[in-house]
Amino acid sequence: MATLAHPDDLRRPNIASADIQLPAVTSYEQVDNEILAILKPTKAWFASLMLAIACLGLGAFSWIYQIHQGLGVAGYNPPVMWGVYIITFVFWVGIGHAGTLISAILYLFRAGFRTTIYRAAEAMTVFAVMTAGLFPIIHIGRPWKFFWLIPYPNWRLIWPNFKSPLVWDVFAITTYLTISTTFLFVGLIPDIAVLRDRETNPIRRKILGFLSFGWRNTEREWRHFARAYLFLAAFSTPLVLSVHSVVSFDFAMGIVPGWHTTIFPPYFVAGAIFSGFAMVWTIIIPMRRWFGLRHYVTLNHLDASAKMVLFTSLVVGLAYMIEFFIAWYGGVKYEQDYFWNRVFGQWWWAAWIMLTCNMILPLSLFSQKLRRNPTWLWILSIFINIGMWFERFVIVVPSLSHDVEPWQWSSYMPTWVDYGLLIGSFGWFFMWFLLFVKQLPVMALAEIKEIIPPKMKHTHSHGGH
Amino acid sequence: MIPGMVAIALVATMLSAYAGSQSAESPAPAGAEETATQKANREAFGKAKPGPWAYSGASGYTNYLGGGIGYSPEQPVKFPHPVHVNALKMNCAFCHNAANQSPDPGLPAVATCMGCHTIVGAGRPEIVKLTEYWNNKQPVPWVRIHKVPEYVHFPHMRHVNAGVTCQTCHGQVNNMPQVFMAQSLNMGWCVQCHVNGYDPAEGVRAAGYEPDSATLALPKKKATYDCATCHY
Amino acid sequence: MMGVFSELDSTVEAIEELKQRKVGDLTVFSPTPRHELEHAVHPPMSGVRKFTLIGALSGVCFGFWIAIWGSNYWPLVVGGKAISTWLPYVVFGFEVMVMVGALSTVFGMFYLAGIPRLTMTVGYDPRFSRGSYGIFCECAPEQLVEAESILRRHGAVEVRGEK
Amino acid sequence: MTVDTSVSETGSSAGVKRRDFLKVLGVSGAATAAVGCSSGDVEKLIPYLVSPDQTVPGVSNYYATTCRECAAGCGLIVEVRDGRAIKAEGNPEHPVNRGALCARGQSSLQGLYNPDRYRQPMKREGDALVATTWDDALQILSAKLGEVKSRGQGSRVAFVNQHEQGSFPAFLDGVLAGFGIAPHLSYDAEAPVAVLQANQAAYGAAWPAIDFSAASLIVSFGADFLDGWGLPVPQQLAFAEARGKVEGAPRFIYVGARRSLTGLNADQWIPAKPGSELAIVNAIAGKGSAAAAAEAAGVGVALIDGLVAEVRKARASALLAGGFGQDAGELATAVAELNKARGNVGKTIKPADGYLAFEGVAGHVEMRALAERMNAGEVPMLLVRHANPAYTTAPGVGFAAAMAKVPFKVSFSSVPDETTSLCDLILPDHHGLESWGDAEPVKGRLSLQQPTMDPVFDSRQTADVLLAVAKADPSLASKYGFADYRGYIASRIGGNQNLKNALPTALVSGAAASRTAPARTASRATAKEQSGEYTLLTYLSPTLGDGRGANKPWLQELPDPVTKILWQTVVEMHPETAKRIGVADGELVTVTTAAGSLTAPALVYIGLRPDTLAVALGRGHTAAGRYAEAGENAWQLLDAAEDRAGGAALGATKATLVKADGKKQRIVTTEGSGRQHGRGIAQAIALPALLAGEEGHGHHVFEGQASTEFLPGLRSPTANDAQGEFGVPNSKDKGQYDPEHWSGAAKRRWAMTIDLAKCTGCSACVTACYAENNIPTVGASWQGPVLLPDRTGFGANVTRGREMAWIRLERYWEIDREPKDVVFDPEHPDFDTNFIPMMCQHCGNAPCEPVCPVYATYHAPNGLNVQVYNRCVGTRYCSNNCPYKVRYYNWFGYGDPTRSQYAFPEPLHWQLNPDVTVRQKGIMEKCTFCVQRIKEAEHRVSLEGREMQPDEFTTACAQACPSRAIVFGDAADENWSVAKWAKDRRAYHVFEELNTYTAVVYLKKVNHPAPTASATA
């Protein structure tokens, strides 16, 4: 695919991410035309949407069957009381971190390469969190009672246990879903206005007009918009960090060997960003190719994000190493037995999948050649996704199966119901995303326009500011 | 997208109802034209104090017999409590004789009824029904009105012996031509008495009498709010 | 009086001249926020931050309150811990702060930016959301001519009067 | 207490009506519906027709009666609620079991409510058995008997009765005699007839009482007195009592090729080859050399020398001969002689107060003789009651085939089995808990048997049936002056009034009618010429016995105390053997003997000689009900060899072992890892070390981690922590956790101590818990997923670790490697085993509590770790966080009658305890310290307006424990015995370094090393 590289990609190979420009994009009109051209549905798109919905159907069937029969149809094998569902929950929450990270944190850091990818990443975030949010409900034994975790005045006069990490989760996930959705939507308002103004069909025009809240691109609107956007970013930044920390508390607050460790919050956050970027690649790289957006998402963009992935991969790797060190240094027999069993015992295969995908393969990104090779990045992103799923597997299953009570040690083997729901979650996620790419601009029109040079009467003032 | 999640949640809830969960059912619609009994009930119901948690009659449980407050099914034998209690001055414990010694208040054995009704009122249509049951050696299949779920243990004797009047929970059955549910019997309703305490005077008033000075002097009776008091 | 521009700098110059000539009050349109325009217009500081602050404060209070009140309402001991344990309740304080804070920020933006707006008839042109800049100059009838001339001088693609 | 006869009046109609009647009768209190489950159905409230005297609805009655699950004749107290028996417990005043009860006794209820029981008389039409009426059935029976009598064939008619003590055998003979029928055969496949005969000859008592406390040394030559051999409960009581003394407790040496539960409780194991025990006994007696004995036994001579020396040194020893070898008789005699020579008789072996359980029992040989006669067509009519010879005899006997040659076969069994299914007429007997009767377990003491409830089905007590038949015959009617068998029993103890007076305890002095067992005609069969490199031990299952317990899910779900196998038959072999034929756990192997062959998964067991195989009897039924089909039938491996006394030689079969084409089955076991990995869960200490005040070897201190000392009650960190901020003494009243709260709830601390020196691992507590707490059994093949299940067959759920036992018996090997790597060393074959009952520890600082998002589990002021079923949403976080892994989850709707996974098919659900909620699918459950019993006691106390007395009540497990190892009570109150035990020097907590402040205190097991060893130690 490198051979297919767009001529513009070959320019300025090494570049500080802040100065990343879009040399091949020259006029505001070009932005509108090219991005909005994406919105035309194609056969391939319909096909993939059907596929996604089919997967979702499988998941839905599995869930119905599970609710009717009881959780016994899943592969749970006490003491492994948590399995694929919690793993997948953490996996999707992790994915859900890249979007807000890119749109909020990188915004605050003025990282130029975020501009063209953040919209897609943000949408991805929202859908990933929507997916994740389902799994705690799928996972509990009486899903029809999940609302008992939410504090609301009730005739029983009782409230949830605010000391339980699961209740923290409820708050963290709800907040995160609300805020990332808001963030996404606020960013969309001016672009919806663009759609509205380009729309010919009166009904769609009405709807878009409604969704754009009558945005008029006045300088006053822009001013408050920019301010609000800044504050939202300021809020989202600690939120991103907090959400996965809270998720990690689900484990860190337990006394299970392999869970009970203080390193989890930073370790989880790093892992989340890591997996999030991988998923961004999984989505963006095909998009830039199929939708002909190579001059928007240039190799410089990918290069910059690859550095990010490399960094987070190193952080995660360090965390793994420190876990082993502490287990040895702490001298707690339970921990030592557990970690031995994790890597060289019963669960060696899972552990090594994790280590290979998350620690070893990403090292390839030290090579600039590979950093600028979209094919490799895409393949790598798939490996990372797998690796990160197995990271959660390694955290959840081996710890539980090898707890302090030897008499209860056991194994774990998922059933078709577990797999069905796992596949279903991907169906659910991609269904939403596919619908999104054909309804709303996958790139922030206004912000792209912001970084390309405006048309000038006097040609002396060329180039961005 | 949020609607999407909500939809899923709703689906889950509906499925779960199918999966044998609590499904709130709307109370049985009242008959087309009001019978005398229903009328009397309506008036008696007006008198009954639903209590602060009545609104939660909509809760999953109290409706699950198709009832909730005001639930008043037709009984196989129209047993008139007012006649027996008010007119004949029979004590509740005469028939429900286990109420002060067992978790289960007990129902009068058919023989107990026949004790009087072989002579008294023989030939009256309801008594004839009763006699039929007796002759066929069949117990009377009374329709259950007051019921706490199986996971709630309600020891009648503890309450009766603590001086809680029957009417506090069952309403003034002695004024009900056909017994109906006067209280929601849901958890909040139980708990507010356990925590705030049972006022003997209030109980007496609920029974329709005026508390005497001695009763008024009595302190409130509390119970623990430990979950295991009722749930085990 | 409405002028549509295709170049940024000409728009800026037009604005500056209109301002110093004190011709009516201006509404500037642009497809994307440009600080050149902002310099030219020179508006007051955005008030969104007030909303943010108030929202965040009330959020953090509610977060702590619901957690503490909820645990004390029916005090049950778990794991030998205190009934209301401050440290973990920071989570609620924080999350609710972010939630309420962020939502009130958005509300503030809508409120100050005057959206949602139901009609956009007066003084708007679809081109503004595409590539063109616009100046809508609301002014007294006697100044119309002057305004028009300024706009034209600075190379407006189109100048039209609007009621 | 008397039976309310009034209920039965109403129930005299057809079965169905009465069932419904009783069902709804109990509905007011019965917890037969699941949590939160609420159909819209309108419920009916059904009153009594006539209220029975002395019954208060919702309040239990207790009836004393006698257990009929085995020959021992233990006393029962059966709890009856609203007309339904819901719990069987030991009768504290009974001379045999003194209040304790074994697992099999507990599950008599599941025999009573067995869903496969015959619900009315059946008669054969063609190949099928069809329902009929009692009149019809009785008419047929009388006709046949009359026919037989008139033809004068009576002497050739055979009646086989499951052996039982008491007057019934004599009564039966009497009736039979009336028809000219020979005395019946009182058959018991579990009876060690050789030992009985030898004892009778040597001591003048067939089963002398064994006073372990008086002994300083116990040597068992394959006598599995804790595995159901003889009278399990009294033997275990005595043994545990002796071992519980700690100082001066007897040392115990076990000689035998397979370490049974008894063997695992021994301090030393001498793995002698089967059949070599006699040589060892002779060596001790000085009739042979130790070297020769060691040679024969295939063990190091040092072991034999040590044994000989110890026995000779011992102040008072108890030498026990057991085993089911062909030479069991000779062995028993030799051992008896040795006991005499050592002067143990009267000291440790007490013939004077022996047990009469096995008076007049017939052996395998009689069944073989009968089969031969049947084959020869000499038997015109066969009558069977409860006994199941078609299953419990060697295939060589060909009993089933022989039955085909009998023109008319009658069965009085109440449950279907292999024998009954071949009969032409079935007159279902009442279950023991529905019957009248008596037993004379010890001389001069009658233990009465009375109906505890209205018959569940349309059955009739055999005695009454016979009576009716006899009375129908004018020539016999005159002989019977009593209306029914109840009258007969009454007449034996001097009239109705005496009976009424005796029934509250069901104990009265007197003697059962005596009978003379028919003289044996046949001679023993000796083993045919056998080949095979292995000796096969087919042993009676400690849980299922000879197979009669196989259709009771409680017993199927109860892990074998030794192998921890349930719902499955495995071939036990030493790891070396497994290596030799190249199989691992679960791989199928085929065992072949002269009699037949059996294919089952292999299981490595380190307590077995490498040249020996072991298979448990009792499983693999073909016609004994839905649960009994689990596993394989090991009887089919049995060669028709008999011992001197005509008992089946279970341990004498030669066998070959081959790997079966590499197929694999999952082992159905509750065992995760059989080793403690140095985590000090089940701790033990050698007596000398204890006396020297040293730490037990199991105990581990982890660097940098707190070690806590348990002080029960409010003065403990436990209670203070458990009370959160209320624990501090100077707190102002902040609620129920405050010690000063008006309810005083926080003044109690319910706690439990378990003495591992007494615990033998028998697992009676487990079944008691199932019975008390409505715990579902999950092992049946239909209790798994419905759609595309990835695991099928019996025990499928268990292979996923989903068994629900709230209390489990953990059995830890003290070995330095994985069991599969253990090698057999004839010089030092020994290894330690520690048992520990593990249930919810009701931690003061329970890790499970803070993680529950909905307060479904929390800490009650009285120290209980409460699980609120209806609040649980099923996140299972609590279970993850529980270090003891004692929380169990309802993966399916085990409590929901509409589900295929329903665990209590009608009428099993009649047994459900109305005081305990039946759990819905999707929620967590665990040991509650029998909170319902605590509540019941509190109600009782408040009703009677008094304070609770120390040790006023106890939990189900503690009540049942035949070792009396479990003590429950209020640790905060000095007057409760639990408070005293908790301060014992052997007390410790499991995982105390986790700072959970558990309420369960274990007392270290005490090992008694060999004198020499202890000197060096």
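How much space lies in the largest cavity? About 800 Å³. A cavity here is a set of points, on a 1 Å grid over the protein atoms alone, where a 1.4 Å probe fits but cannot get out. Lining residues have an atom within 4 Å of a point. Grid points are joined across faces, edges and corners, and a volume is the space filled by probe spheres set on the points.

This is a predicted model, in which local features need pLDDT of at least 70, side-chain atom pairs count only at pLDDT 80 or more, and totals for chains, interfaces and linings use all residues. Residues are numbered from 1 along each chain as its sequence is written, chains are lettered from A and ligands numbered from 1 in the order in which they are written, and side-chain values use heavy atoms, with hydrogens and water left out.

Stay with the largest cavity. Its lining counts 43 residues. Nearest its centre lie Arg68(D), Gln162(D), His386(D), Val415(D) and Arg548(D). By class, the lining holds 12 nonpolar, 20 polar and 11 charged residues. Ala, Val, Leu, Ile, Met, Phe, Trp, Tyr, Cys and Pro count as nonpolar, Asp, Glu, Lys and Arg as charged, and the others, Gly among them, as polar.

The second largest cavity has a volume of about 490 Å³. It is lined by 31 residues, and Gly222(D), Asp224(D), Gly323(D), Phe324(D) and Tyr539(D) are the closest to its centre. Two elements of chain D give two or more residues to this lining: helix H13 (328-342) and strand E21 (534-539). Helices (H or I, at least four residues) and strands (E, at least two) are DSSP runs, numbered from the N terminus. E21(D) provides the largest share, three residues. The lining divides into 12 nonpolar, 12 polar and seven charged residues.

Three bridges join E21(D) to strand E26 (residues 653-664) of chain D, and the two run antiparallel. Two strands pair if DSSP finds at least two bridges between them. Tyr534(D) stands opposite Ala655(D) in E26(D). Strand E23 (residues 587-593) of chain D is also joined to E26(D), by six bridges, again antiparallel. There, Val589(D) has Lys659(D) as its bridge partner.

Strands of a sheet pair through backbone hydrogen bonds, either parallel or antiparallel. Chain D has an open sheet of three strands in the order E2-E3-E4, with antiparallel pairing. Strand E2 (61-66) and strand E4 (84-90) of chain D stand at the edges with a single partner strand each, so one side of each is left without a neighbour in the sheet. Neighbouring strands are turned by 30 degrees against each other on average, direction ignored. Axes are lines fitted to C-alpha atoms, for helices over the stretch in contact, and angles run from 0 to 180 degrees between N-to-C directions. Strand E3 (residues 75-81) of chain D meets E4(D) through six bridges. Val78(D) stands opposite Ala88(D) in that pair.

Chain C has an open sheet of four strands, ordered E2-E3-E1-E4, with antiparallel pairing. Its edge strands are strand E2 (25-29) and strand E4 (158-160) of chain C, and each pairs on one side only. Neighbouring strands in this sheet are turned by 15 degrees against each other on average, direction ignored. Four bridges join strand E1 (residues 2-5) of chain C to strand E3 (residues 133-138) of chain C. Gly3(C) stands opposite Ile135(C).

Now turn to the helices of chain A. The axes of helix H8 (residues 264-290) and helix H9 (residues 299-330) of chain A come within 9 Å and cross at roughly 150 degrees. H8(A) and H9(A) are therefore roughly antiparallel, a term for angles over 145 degrees; those under 35 count as roughly parallel, 65 to 115 as roughly perpendicular and the rest as oblique. The contact of H8(A) with H9(A) has 17 nonpolar, four polar and two charged residues. H9(A) also packs with helix H13 (residues 374-401) of chain A, at an angle of about 30 degrees and with axes 12 Å apart. H9(A) and H13(A) are therefore roughly parallel. This crossing is left-handed too.

Some backbone details remain. Most residues other than glycine have a negative phi, and most peptide bonds are trans. The bond from Pro78(A) to Pro79(A) is cis, with omega near 5 degrees. Glu906(D) and Pro907(D) are also joined by a cis peptide bond, with omega about 0 degrees. Ala506(D) has a positive phi, near 60 degrees.

Methods:
1 Å grid on protein atoms, 1.4 Å probe; cavity = no way out; pocket = protein on both sides within 12 Å on 5 of 7 lines; lining within 4 Å. Left-handed = near helix turned anticlockwise from the far one by under 90°.
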